[in-house]
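This report walks through one protein model, from its overall build to single residues. Please keep the sequence and the 3D view open while reading.

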Amino acid sequence: MAEAITKRDYKEWEAFCEKVQNSTAVKFNESKETQQQRKNKGLKNYNFFVKTYFPQYADHDCADFHVKAAKAILKDKNILAILEWAREHAKSVHATIIIPMWLIAHEELTGMILMGKNNDDACNLLSDIQAQLQFNELFAHDFGKQYNFGSWEDGDFTTKDGIRFLAVGRNQSPRGARKGEKRPNYAVIDDIDDDEIIHNPKRVDKVIRNIMGALYFALSIKGARMVVAGNRIHQNSILANMVGDTKKGGKKREGIWHSKVCALKPRTIVKNTDGEIIGGVPSWQRYSLEQILEKMKKAGHVLAMQEFFHVTEVEGKIFKNAYFRFARMPRLTKMKVIVGYFDPSFVNSATSDFKAVRLWGIYNNKKWCIKSFVRRCELEEAFKWMINVEKNLPNNVAVIWYIEKQFINKTIKRSQRIVEREMGYKLNIITDHRTKPNKYTRMVRMEPDYSNGGVYYNAEEKDDPDMIDGNNQLKSIEPGYNTPDDSPDADEGAWY
(Lines give C-alpha, C1' and ligand atoms only; values in the text may rest on other atoms or scores of the structure.)
Protein backbone atom coordinates (compact mmCIF):
# COMPACT_ATOMS: atom_id res chain seq x y z
CA MET A 1 0.00 0.00 0.00
CA ALA A 2 1.34 3.44 -0.92
CA GLU A 3 2.12 5.74 2.00
CA ALA A 4 -0.71 8.22 2.64
CA ILE A 5 0.06 11.87 1.93
CA THR A 6 -1.43 14.48 4.26
CA LYS A 7 -1.78 18.23 3.90
CA ARG A 8 1.17 20.29 5.11
CA ASP A 9 0.86 21.79 8.57
CA TYR A 10 0.07 25.49 8.34
CA LYS A 11 2.39 26.47 11.20
CA GLU A 12 5.23 24.66 9.46
CA TRP A 13 4.46 26.62 6.29
CA GLU A 14 4.42 29.92 8.23
CA ALA A 15 7.86 29.12 9.64
CA PHE A 16 9.12 28.44 6.10
CA CYS A 17 7.63 31.75 4.90
CA GLU A 18 9.46 33.59 7.68
CA LYS A 19 12.68 31.93 6.60
CA VAL A 20 12.08 33.04 3.00
CA GLN A 21 11.37 36.60 4.09
CA ASN A 22 14.40 36.85 6.36
CA SER A 23 16.78 35.47 3.74
CA THR A 24 15.65 37.84 0.96
CA ALA A 25 15.68 41.22 2.71
CA VAL A 26 16.27 44.27 0.49
CA LYS A 27 19.06 46.74 1.29
CA PHE A 28 17.34 50.06 1.94
CA ASN A 29 20.18 52.18 0.53
CA GLU A 30 20.66 50.22 -2.70
CA SER A 31 20.96 52.26 -5.89
CA LYS A 32 18.72 51.76 -8.92
CA GLU A 33 21.81 50.97 -10.96
CA THR A 34 22.81 48.12 -8.61
CA GLN A 35 19.29 46.76 -8.70
CA GLN A 36 19.15 46.84 -12.49
CA GLN A 37 22.52 45.12 -12.82
CA ARG A 38 21.32 42.34 -10.53
CA LYS A 39 18.08 41.94 -12.50
CA ASN A 40 19.89 41.82 -15.83
CA LYS A 41 22.37 39.24 -14.59
CA GLY A 42 19.59 37.15 -13.04
CA LEU A 43 17.68 37.06 -16.31
CA LYS A 44 20.76 35.83 -18.18
CA ASN A 45 22.50 33.65 -15.60
CA TYR A 46 20.32 30.92 -14.06
CA ASN A 47 22.85 29.93 -11.40
CA PHE A 48 23.11 33.57 -10.30
CA PHE A 49 19.30 33.81 -10.30
CA VAL A 50 19.02 30.80 -7.97
CA LYS A 51 21.75 31.87 -5.57
CA THR A 52 20.56 35.49 -5.43
CA TYR A 53 16.79 35.12 -5.12
CA PHE A 54 16.52 31.67 -3.47
CA PRO A 55 19.39 31.45 -0.98
CA GLN A 56 17.49 28.92 1.15
CA TYR A 57 17.94 26.40 -1.69
CA ALA A 58 21.40 27.51 -2.80
CA ASP A 59 23.89 25.97 -0.40
CA HIS A 60 25.85 24.99 -3.51
CA ASP A 61 26.09 26.09 -7.13
CA CYS A 62 23.61 24.63 -9.58
CA ALA A 63 24.80 21.61 -11.50
CA ASP A 64 25.24 21.87 -15.25
CA PHE A 65 22.07 19.82 -15.78
CA HIS A 66 20.01 22.29 -13.70
CA VAL A 67 21.17 25.19 -15.84
CA LYS A 68 20.77 23.31 -19.11
CA ALA A 69 17.18 22.34 -18.25
CA ALA A 70 16.21 25.87 -17.21
CA LYS A 71 17.61 27.35 -20.41
CA ALA A 72 15.90 24.75 -22.59
CA ILE A 73 12.52 25.32 -20.90
CA LEU A 74 12.82 29.10 -21.20
CA LYS A 75 13.86 28.91 -24.85
CA ASP A 76 11.09 26.60 -26.09
CA LYS A 77 7.52 27.79 -25.47
CA ASN A 78 6.16 24.38 -26.48
CA ILE A 79 8.63 22.09 -24.73
CA LEU A 80 7.68 18.73 -23.25
CA ALA A 81 10.61 18.30 -20.88
CA ILE A 82 11.20 15.19 -18.81
CA LEU A 83 13.67 15.65 -15.97
CA GLU A 84 14.68 12.13 -14.98
CA TRP A 85 17.07 13.04 -12.20
CA ALA A 86 18.44 10.97 -9.35
CA ARG A 87 16.91 11.19 -5.89
CA GLU A 88 17.95 14.32 -3.92
CA HIS A 89 19.06 16.16 -7.04
CA ALA A 90 16.56 19.04 -6.69
CA LYS A 91 13.94 17.96 -9.23
CA SER A 92 11.02 19.45 -7.32
CA VAL A 93 12.82 22.64 -6.31
CA HIS A 94 13.69 23.54 -9.89
CA ALA A 95 10.59 22.23 -11.70
CA THR A 96 7.93 23.48 -9.28
CA ILE A 97 9.52 26.63 -7.80
CA ILE A 98 12.58 28.19 -9.39
CA ILE A 99 11.92 27.59 -13.10
CA PRO A 100 8.36 28.99 -12.95
CA MET A 101 9.70 31.98 -10.98
CA TRP A 102 12.33 32.44 -13.71
CA LEU A 103 9.54 32.38 -16.29
CA ILE A 104 7.68 35.06 -14.30
CA ALA A 105 10.84 37.19 -14.23
CA HIS A 106 10.99 36.86 -18.03
CA GLU A 107 7.25 37.67 -18.27
CA GLU A 108 6.68 34.24 -19.83
CA LEU A 109 4.15 32.73 -17.39
CA THR A 110 0.38 33.12 -17.77
CA GLY A 111 -0.67 30.31 -15.42
CA MET A 112 0.61 27.10 -13.84
CA ILE A 113 -0.95 23.71 -13.12
CA LEU A 114 0.89 21.44 -10.72
CA MET A 115 0.02 17.72 -10.68
CA GLY A 116 1.03 15.46 -7.79
CA LYS A 117 0.16 11.94 -6.63
CA ASN A 118 -3.06 13.29 -5.15
CA ASN A 119 -4.51 16.70 -4.30
CA ASP A 120 -2.82 16.95 -0.89
CA ASP A 121 0.56 16.16 -2.45
CA ALA A 122 0.01 18.77 -5.17
CA CYS A 123 -1.07 21.38 -2.62
CA ASN A 124 2.03 20.71 -0.53
CA LEU A 125 4.21 21.26 -3.59
CA LEU A 126 2.28 24.42 -4.44
CA SER A 127 2.82 25.82 -0.94
CA ASP A 128 6.51 26.46 -1.60
CA ILE A 129 5.96 28.60 -4.67
CA GLN A 130 3.21 30.56 -2.90
CA ALA A 131 5.68 31.26 -0.09
CA GLN A 132 8.14 32.66 -2.65
CA LEU A 133 5.53 34.79 -4.43
CA GLN A 134 4.16 36.13 -1.16
CA PHE A 135 7.26 36.56 1.01
CA ASN A 136 10.35 36.69 -1.21
CA GLU A 137 11.09 40.40 -0.75
CA LEU A 138 14.08 40.63 -3.10
CA PHE A 139 12.18 38.97 -5.97
CA ALA A 140 9.20 41.28 -5.37
CA HIS A 141 11.53 44.29 -5.24
CA ASP A 142 13.12 43.44 -8.59
CA PHE A 143 10.22 41.90 -10.51
CA GLY A 144 7.14 43.28 -8.79
CA LYS A 145 4.83 42.06 -6.04
CA GLN A 146 3.05 38.91 -7.16
CA TYR A 147 0.67 37.25 -4.72
CA ASN A 148 -2.91 38.51 -4.68
CA PHE A 149 -5.47 36.05 -3.25
CA GLY A 150 -6.27 32.37 -2.72
CA SER A 151 -4.33 29.67 -0.89
CA TRP A 152 -2.21 26.61 -1.50
CA GLU A 153 -4.38 24.89 1.14
CA ASP A 154 -7.21 25.00 -1.39
CA GLY A 155 -4.82 24.27 -4.24
CA ASP A 156 -5.68 27.54 -5.96
CA PHE A 157 -4.27 31.07 -5.80
CA THR A 158 -3.71 34.00 -8.17
CA THR A 159 -1.13 36.78 -8.56
CA LYS A 160 -1.84 40.46 -9.07
CA ASP A 161 -1.18 40.01 -12.77
CA GLY A 162 -3.87 37.34 -12.99
CA ILE A 163 -1.51 34.36 -13.11
CA ARG A 164 -3.38 31.44 -11.60
CA PHE A 165 -1.68 28.56 -9.78
CA LEU A 166 -3.73 25.36 -9.53
CA ALA A 167 -2.95 22.05 -7.81
CA VAL A 168 -4.48 18.77 -8.96
CA GLY A 169 -4.00 15.08 -8.18
CA ARG A 170 -3.02 12.62 -10.90
CA ASN A 171 -6.62 11.38 -11.23
CA GLN A 172 -8.23 14.83 -11.21
CA SER A 173 -9.27 16.80 -14.27
CA PRO A 174 -7.57 20.21 -14.63
CA ARG A 175 -10.22 21.47 -17.04
CA GLY A 176 -11.40 25.02 -16.48
CA ALA A 177 -7.99 26.22 -15.31
CA ARG A 178 -8.18 29.49 -17.24
CA LYS A 179 -8.25 32.76 -15.27
CA GLY A 180 -10.07 35.41 -17.29
CA GLU A 181 -8.34 35.71 -20.63
CA LYS A 182 -5.20 34.01 -19.32
CA ARG A 183 -4.93 30.29 -19.98
CA PRO A 184 -2.10 28.48 -18.14
CA ASN A 185 1.03 27.89 -20.21
CA TYR A 186 3.12 25.87 -17.75
CA ALA A 187 2.33 22.47 -16.26
CA VAL A 188 4.57 20.41 -14.03
CA ILE A 189 4.03 16.79 -13.07
CA ASP A 190 6.21 16.11 -10.06
CA ASP A 191 7.20 12.79 -8.46
CA ILE A 192 3.90 11.25 -9.52
CA ASP A 193 4.84 7.56 -9.20
CA ASP A 194 4.50 5.39 -6.13
CA ASP A 195 5.24 1.76 -5.27
CA GLU A 196 1.59 0.76 -5.73
CA ILE A 197 0.58 2.22 -9.08
CA ILE A 198 3.67 0.94 -10.93
CA HIS A 199 2.35 -2.62 -10.61
CA ASN A 200 -0.98 -1.75 -12.23
CA PRO A 201 -0.56 -1.06 -15.97
CA LYS A 202 -4.24 -0.12 -16.30
CA ARG A 203 -3.92 2.67 -13.72
CA VAL A 204 -0.61 3.86 -15.22
CA ASP A 205 -2.25 4.05 -18.65
CA LYS A 206 -5.17 6.03 -17.19
CA VAL A 207 -2.80 8.61 -15.66
CA ILE A 208 -0.83 8.93 -18.92
CA ARG A 209 -4.08 9.61 -20.79
CA ASN A 210 -5.03 12.22 -18.18
CA ILE A 211 -1.64 13.95 -18.54
CA MET A 212 -1.60 13.98 -22.34
CA GLY A 213 -5.33 14.57 -22.58
CA ALA A 214 -7.07 16.74 -20.00
CA LEU A 215 -3.91 18.34 -18.56
CA TYR A 216 -2.07 19.02 -21.81
CA PHE A 217 -5.17 20.41 -23.52
CA ALA A 218 -5.95 22.64 -20.52
CA LEU A 219 -2.82 24.60 -21.47
CA SER A 220 -2.67 27.44 -23.97
CA ILE A 221 -2.63 26.42 -27.62
CA LYS A 222 -0.50 29.51 -28.38
CA GLY A 223 2.41 28.01 -26.50
CA ALA A 224 2.67 25.83 -23.40
CA ARG A 225 5.51 24.21 -21.52
CA MET A 226 5.04 20.87 -19.77
CA VAL A 227 7.64 19.44 -17.39
CA VAL A 228 7.65 15.94 -15.89
CA ALA A 229 10.07 15.50 -13.00
CA GLY A 230 10.95 12.30 -11.17
CA ASN A 231 13.18 9.26 -11.08
CA ARG A 232 12.45 5.87 -12.65
CA ILE A 233 11.39 3.58 -9.84
CA HIS A 234 10.07 0.86 -12.18
CA GLN A 235 10.19 -0.03 -15.86
CA ASN A 236 6.41 0.47 -16.03
CA SER A 237 6.32 3.72 -14.05
CA ILE A 238 4.40 6.77 -15.25
CA LEU A 239 7.68 8.58 -15.86
CA ALA A 240 9.07 5.67 -17.90
CA ASN A 241 5.93 5.63 -20.03
CA MET A 242 6.17 9.39 -20.54
CA VAL A 243 9.73 8.93 -21.81
CA GLY A 244 8.65 5.93 -23.86
CA ASP A 245 11.63 3.62 -23.44
CA THR A 246 9.98 1.25 -20.99
CA LYS A 247 11.99 -1.61 -22.47
CA LYS A 248 15.73 -1.74 -23.08
CA GLY A 249 16.42 -0.27 -26.51
CA GLY A 250 12.88 1.08 -26.81
CA LYS A 251 12.18 4.33 -28.62
CA LYS A 252 11.56 7.52 -26.69
CA ARG A 253 8.34 9.49 -27.12
CA GLU A 254 8.63 11.67 -30.18
CA GLY A 255 9.29 15.35 -29.55
CA ILE A 256 10.35 15.21 -25.89
CA TRP A 257 13.34 17.00 -24.36
CA HIS A 258 14.81 14.40 -22.02
CA SER A 259 17.37 15.06 -19.30
CA LYS A 260 18.54 11.85 -17.61
CA VAL A 261 20.92 12.32 -14.70
CA CYS A 262 22.38 9.66 -12.41
CA ALA A 263 24.05 10.33 -9.06
CA LEU A 264 27.41 9.55 -10.69
CA LYS A 265 28.39 10.50 -14.23
CA PRO A 266 27.97 7.23 -16.19
CA ARG A 267 31.29 7.37 -18.05
CA THR A 268 33.20 7.79 -14.79
CA ILE A 269 31.68 4.85 -12.90
CA VAL A 270 34.11 2.24 -11.59
CA LYS A 271 32.92 -1.24 -10.61
CA ASN A 272 34.61 -4.10 -8.79
CA THR A 273 34.74 -7.70 -10.03
CA ASP A 274 31.30 -8.36 -8.52
CA GLY A 275 29.78 -5.51 -10.54
CA GLU A 276 29.34 -3.23 -7.52
CA ILE A 277 29.91 0.49 -8.00
CA ILE A 278 32.97 1.61 -6.04
CA GLY A 279 33.90 4.90 -7.72
CA GLY A 280 32.91 7.71 -10.03
CA VAL A 281 32.42 11.47 -10.31
CA PRO A 282 29.24 12.91 -8.73
CA SER A 283 26.89 14.60 -11.21
CA TRP A 284 26.30 17.42 -8.70
CA GLN A 285 29.23 18.56 -6.62
CA ARG A 286 26.88 19.23 -3.70
CA TYR A 287 27.58 15.60 -2.79
CA SER A 288 30.87 13.80 -2.36
CA LEU A 289 31.56 10.36 -3.77
CA GLU A 290 31.86 9.03 -0.22
CA GLN A 291 28.39 10.35 0.71
CA ILE A 292 26.79 8.73 -2.33
CA LEU A 293 28.53 5.37 -1.82
CA GLU A 294 27.61 5.36 1.87
CA LYS A 295 23.93 5.94 1.09
CA MET A 296 24.02 3.24 -1.58
CA LYS A 297 25.55 0.79 0.88
CA LYS A 298 22.88 1.42 3.51
CA ALA A 299 19.97 1.30 1.02
CA GLY A 300 21.11 -1.91 -0.65
CA HIS A 301 21.91 -2.57 -4.30
CA VAL A 302 18.37 -2.79 -5.74
CA LEU A 303 17.05 0.40 -4.15
CA ALA A 304 20.29 2.30 -4.75
CA MET A 305 20.25 1.47 -8.47
CA GLN A 306 16.60 2.47 -8.64
CA GLU A 307 16.83 5.78 -6.78
CA PHE A 308 20.26 6.93 -7.99
CA PHE A 309 20.68 5.33 -11.42
CA HIS A 310 17.16 4.67 -12.79
CA VAL A 311 17.94 0.96 -13.06
CA THR A 312 14.71 -0.76 -12.09
CA GLU A 313 15.49 -4.23 -10.89
CA VAL A 314 12.72 -6.28 -9.32
CA GLU A 315 13.83 -8.00 -6.13
CA GLY A 316 11.60 -11.02 -5.63
CA LYS A 317 10.43 -12.24 -2.24
CA ILE A 318 10.28 -15.86 -3.42
CA PHE A 319 12.33 -15.84 -6.62
CA LYS A 320 15.26 -13.68 -5.59
CA ASN A 321 17.66 -11.86 -7.91
CA ALA A 322 20.51 -14.15 -6.86
CA TYR A 323 18.64 -17.14 -8.29
CA PHE A 324 18.84 -15.83 -11.86
CA ARG A 325 22.17 -17.18 -13.03
CA PHE A 326 23.24 -16.12 -16.52
CA ALA A 327 25.98 -18.22 -18.07
CA ARG A 328 27.38 -19.24 -21.41
CA MET A 329 24.91 -21.79 -22.69
CA PRO A 330 25.99 -25.24 -23.89
CA ARG A 331 25.39 -26.03 -27.55
CA LEU A 332 21.80 -26.90 -28.36
CA THR A 333 22.96 -30.25 -29.76
CA LYS A 334 24.05 -31.16 -26.22
CA MET A 335 20.61 -30.56 -24.73
CA LYS A 336 18.69 -33.65 -23.60
CA VAL A 337 15.38 -32.08 -24.66
CA ILE A 338 14.10 -28.63 -25.66
CA VAL A 339 10.52 -27.55 -24.91
CA GLY A 340 8.79 -24.33 -25.89
CA TYR A 341 5.58 -23.45 -24.04
CA PHE A 342 3.09 -20.85 -25.29
CA ASP A 343 0.73 -19.14 -22.83
CA PRO A 344 -1.54 -17.00 -25.06
CA SER A 345 -4.00 -14.22 -24.35
CA PHE A 346 -6.63 -12.84 -26.67
CA VAL A 347 -6.74 -9.08 -26.24
CA ASN A 348 -3.90 -6.88 -27.47
CA SER A 349 -3.98 -3.70 -25.39
CA ALA A 350 -1.95 -1.85 -22.78
CA THR A 351 -3.80 -3.68 -19.99
CA SER A 352 -4.26 -7.17 -21.48
CA ASP A 353 -2.38 -10.31 -20.57
CA PHE A 354 0.94 -10.97 -22.24
CA LYS A 355 1.63 -13.48 -24.97
CA ALA A 356 4.39 -15.55 -23.38
CA VAL A 357 6.54 -18.20 -25.07
CA ARG A 358 9.46 -19.55 -23.06
CA LEU A 359 12.02 -21.93 -24.53
CA TRP A 360 13.69 -24.32 -22.04
CA GLY A 361 16.27 -27.08 -22.39
CA ILE A 362 17.90 -29.64 -20.09
CA TYR A 363 21.65 -30.20 -19.91
CA ASN A 364 23.36 -32.24 -17.15
CA ASN A 365 20.10 -32.18 -15.17
CA LYS A 366 20.10 -28.36 -15.15
CA LYS A 367 17.29 -26.34 -16.69
CA TRP A 368 18.35 -23.66 -19.18
CA CYS A 369 16.13 -20.80 -20.34
CA ILE A 370 17.21 -20.46 -23.97
CA LYS A 371 14.97 -17.69 -25.32
CA SER A 372 11.95 -15.66 -24.28
CA PHE A 373 8.98 -13.98 -25.95
CA VAL A 374 6.89 -11.89 -23.52
CA ARG A 375 4.81 -9.13 -25.14
CA ARG A 376 1.41 -7.52 -25.37
CA CYS A 377 0.76 -8.18 -29.03
CA GLU A 378 -1.37 -10.04 -31.56
CA LEU A 379 -1.35 -13.84 -31.57
CA GLU A 380 0.24 -13.86 -35.02
CA GLU A 381 3.39 -12.16 -33.70
CA ALA A 382 4.00 -15.00 -31.25
CA PHE A 383 3.57 -17.67 -33.93
CA LYS A 384 5.99 -15.82 -36.22
CA TRP A 385 8.55 -15.79 -33.40
CA MET A 386 8.18 -19.53 -32.87
CA ILE A 387 8.65 -20.25 -36.58
CA ASN A 388 11.75 -18.06 -36.71
CA VAL A 389 13.17 -19.93 -33.71
CA GLU A 390 12.68 -23.24 -35.50
CA LYS A 391 14.17 -21.96 -38.75
CA ASN A 392 17.34 -20.92 -36.94
CA LEU A 393 17.92 -24.21 -35.14
CA PRO A 394 20.80 -26.54 -36.10
CA ASN A 395 19.72 -29.32 -38.47
CA ASN A 396 19.81 -32.03 -35.81
CA VAL A 397 17.90 -30.05 -33.14
CA ALA A 398 14.13 -29.85 -32.67
CA VAL A 399 11.76 -28.11 -30.26
CA ILE A 400 8.70 -29.79 -28.76
CA TRP A 401 6.10 -27.01 -28.69
CA TYR A 402 3.22 -26.99 -26.23
CA ILE A 403 0.34 -24.57 -25.88
CA GLU A 404 -1.91 -23.97 -22.90
CA LYS A 405 -5.45 -25.24 -23.42
CA GLN A 406 -7.85 -22.36 -24.00
CA PHE A 407 -11.59 -22.07 -24.36
CA ILE A 408 -11.37 -20.30 -27.72
CA ASN A 409 -9.29 -22.79 -29.70
CA LYS A 410 -10.63 -21.57 -33.06
CA THR A 411 -9.00 -18.18 -32.51
CA ILE A 412 -5.64 -19.82 -31.82
CA LYS A 413 -5.84 -22.19 -34.77
CA ARG A 414 -6.93 -19.46 -37.19
CA SER A 415 -4.02 -17.21 -36.20
CA GLN A 416 -1.59 -20.12 -36.50
CA ARG A 417 -2.84 -21.03 -40.00
CA ILE A 418 -2.58 -17.41 -41.18
CA VAL A 419 1.08 -17.21 -40.09
CA GLU A 420 1.95 -20.64 -41.49
CA ARG A 421 0.56 -19.71 -44.92
CA GLU A 422 2.36 -16.37 -44.84
CA MET A 423 5.73 -17.87 -43.85
CA GLY A 424 5.40 -21.17 -45.70
CA TYR A 425 6.23 -23.19 -42.60
CA LYS A 426 4.26 -25.69 -40.52
CA LEU A 427 4.38 -25.62 -36.71
CA ASN A 428 3.64 -28.78 -34.76
CA ILE A 429 2.15 -27.76 -31.43
CA ILE A 430 0.84 -30.09 -28.73
CA THR A 431 -2.04 -28.93 -26.53
CA ASP A 432 -1.49 -29.21 -22.77
CA HIS A 433 -4.74 -30.98 -21.76
CA ARG A 434 -3.89 -31.54 -18.12
CA THR A 435 -6.18 -30.39 -15.35
CA LYS A 436 -3.88 -27.90 -13.68
CA PRO A 437 -3.54 -27.37 -9.92
CA ASN A 438 -3.75 -23.85 -8.48
CA LYS A 439 -1.60 -21.51 -10.60
CA TYR A 440 0.20 -19.89 -7.66
CA THR A 441 1.07 -23.31 -6.22
CA ARG A 442 2.37 -24.54 -9.57
CA MET A 443 4.65 -21.52 -10.00
CA VAL A 444 5.98 -21.51 -6.44
CA ARG A 445 6.93 -25.19 -6.79
CA MET A 446 9.69 -24.05 -9.15
CA GLU A 447 11.50 -22.25 -6.31
CA PRO A 448 13.60 -25.21 -5.03
CA ASP A 449 15.19 -25.67 -8.47
CA TYR A 450 16.16 -21.98 -8.42
CA SER A 451 17.42 -21.84 -4.83
CA ASN A 452 19.35 -25.10 -5.24
CA GLY A 453 21.22 -23.81 -8.29
CA GLY A 454 19.43 -25.96 -10.84
CA VAL A 455 18.36 -23.15 -13.19
CA TYR A 456 20.46 -21.16 -15.66
CA TYR A 457 19.75 -18.51 -18.29
CA ASN A 458 21.36 -17.93 -21.65
CA ALA A 459 23.90 -15.13 -21.12
CA GLU A 460 23.42 -13.93 -24.71
CA GLU A 461 19.80 -13.07 -23.87
CA LYS A 462 20.49 -11.21 -20.60
CA ASP A 463 19.64 -7.76 -22.00
CA ASP A 464 16.81 -8.95 -24.24
CA PRO A 465 13.61 -7.02 -23.29
CA ASP A 466 11.46 -10.17 -23.52
CA MET A 467 13.82 -12.04 -21.20
CA ILE A 468 13.83 -9.13 -18.74
CA ASP A 469 10.03 -8.82 -18.75
CA GLY A 470 9.55 -12.54 -18.30
CA ASN A 471 11.99 -12.77 -15.40
CA ASN A 472 10.50 -9.70 -13.72
CA GLN A 473 7.09 -11.34 -13.85
CA LEU A 474 8.52 -14.37 -12.03
CA LYS A 475 10.24 -12.19 -9.43
CA SER A 476 6.91 -10.47 -8.73
CA ILE A 477 5.18 -13.72 -7.75
CA GLU A 478 4.37 -13.62 -4.03
CA PRO A 479 1.29 -14.17 -1.85
CA GLY A 480 -1.52 -11.87 -2.97
CA TYR A 481 0.29 -10.69 -6.11
CA ASN A 482 -1.72 -8.81 -8.77
CA THR A 483 0.98 -8.51 -11.42
CA PRO A 484 1.13 -10.32 -14.80
CA ASP A 485 2.04 -13.99 -14.53
CA ASP A 486 1.88 -15.28 -18.11
CA SER A 487 5.62 -15.85 -18.37
CA PRO A 488 6.06 -17.85 -15.14
CA ASP A 489 2.94 -19.80 -16.09
CA ALA A 490 4.66 -20.67 -19.39
CA ASP A 491 7.84 -21.58 -17.48
CA GLU A 492 5.93 -24.00 -15.30
CA GLY A 493 4.26 -25.50 -18.37
CA ALA A 494 7.60 -26.07 -20.10
CA TRP A 495 9.10 -27.59 -16.95
CA TYR A 496 6.17 -29.95 -16.55
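Helices here are DSSP runs of H or I with at least four residues, numbered from the N terminus. In that numbering, Leu 74 belongs to helix H4 (residues 64-75). The model is predicted.

**Overall build**

The protein has 17 helices and 17 strands. Its C-alpha trace spans about 90 × 50 × 40 Å along the principal axes. Of its 496 residues, 52% are buried. The accessible surface is about 24300 Å², and carbon and sulfur atoms supply 48% of that area. Among contacts with a separation of 6 or more, 71% join residues 24 or more positions apart.

**Helix H8**

How far apart are the end C-alpha atoms of helix H8 (residues 201-215)? They lie 20 Å apart, which agrees with the 21 Å that 15 residues should span at 1.5 Å a residue. The buried residues of H8 are Pro 201, Val 204, Val 207, Ile 208, Asn 210, Ile 211, Ala 214 and Leu 215.

**Helices H3 and H5**

Two packed helices are described by the angle between their axes and the distance between the axes. For helix H3 (residues 46-53) and helix H5 (residues 91-105), the angle is about 105 degrees and the axes are 11 Å apart. H3 and H5 are therefore roughly perpendicular to each other. H3 brings Tyr 46, Phe 49 and Val 50 to the contact, while H5 brings His 94, Ile 98, Ile 99, Met 101, Trp 102 and Ala 105. By class, this contact of H3 with H5 has eight nonpolar residues, one polar residue and no charged residues.

**Two residues compared**

Is Leu 74 buried or exposed? Its relative accessibility is 19%, so Leu 74 counts as buried, since buried means under 20%. Beyond its neighbours within four places in sequence, Leu 74 is in contact with Trp 102, Leu 103, His 106, Glu 108 and Arg 225. Trp 102 also takes part in the contact of H5 with H3.

Pro 266 sits in the loop between strand S8 (257-261) and strand S9 (270-271). Pro 266 counts as exposed because its relative accessibility is 60%.

Each of these residues has a partner listed below.

| Pair | Apart in sequence | C-alpha to C-alpha |
|---|---|---|
| Leu 74 and Trp 102 | 28 residues | 8.2 Å |
| Pro 266 and Gly 280 | 14 residues | 7.9 Å |

Methods
Residues are numbered from 1 along each chain as its sequence is written. This is a predicted model: local features need pLDDT of at least 70, side-chain atom pairs count only at pLDDT 80 or more; totals for chains, interfaces and linings use all residues. Side-chain values use heavy atoms; hydrogens and water are left out. Helices (H or I, at least four residues) and strands (E, at least two) are DSSP runs, numbered from the N terminus. The expected span of a helix is 1.5 Å times one less than its number of residues. Buried means under 20% relative accessible area, exposed over 50%, partly exposed in between (1.4 Å probe, protein chains only). Axes are lines fitted to C-alpha atoms, for helices over the stretch in contact, and angles run from 0 to 180 degrees between N-to-C directions. Angles under 35 degrees count as roughly parallel, over 145 as roughly antiparallel, 65 to 115 as roughly perpendicular and the rest as oblique. Contact means heavy atoms within 4.5 Å. Ala, Val, Leu, Ile, Met, Phe, Trp, Tyr, Cys and Pro count as nonpolar, Asp, Glu, Lys and Arg as charged, and the others, Gly among them, as polar. Accessible areas come from the Shrake-Rupley method with a 1.4 Å probe; for residues, only the protein chains shown count as cover.
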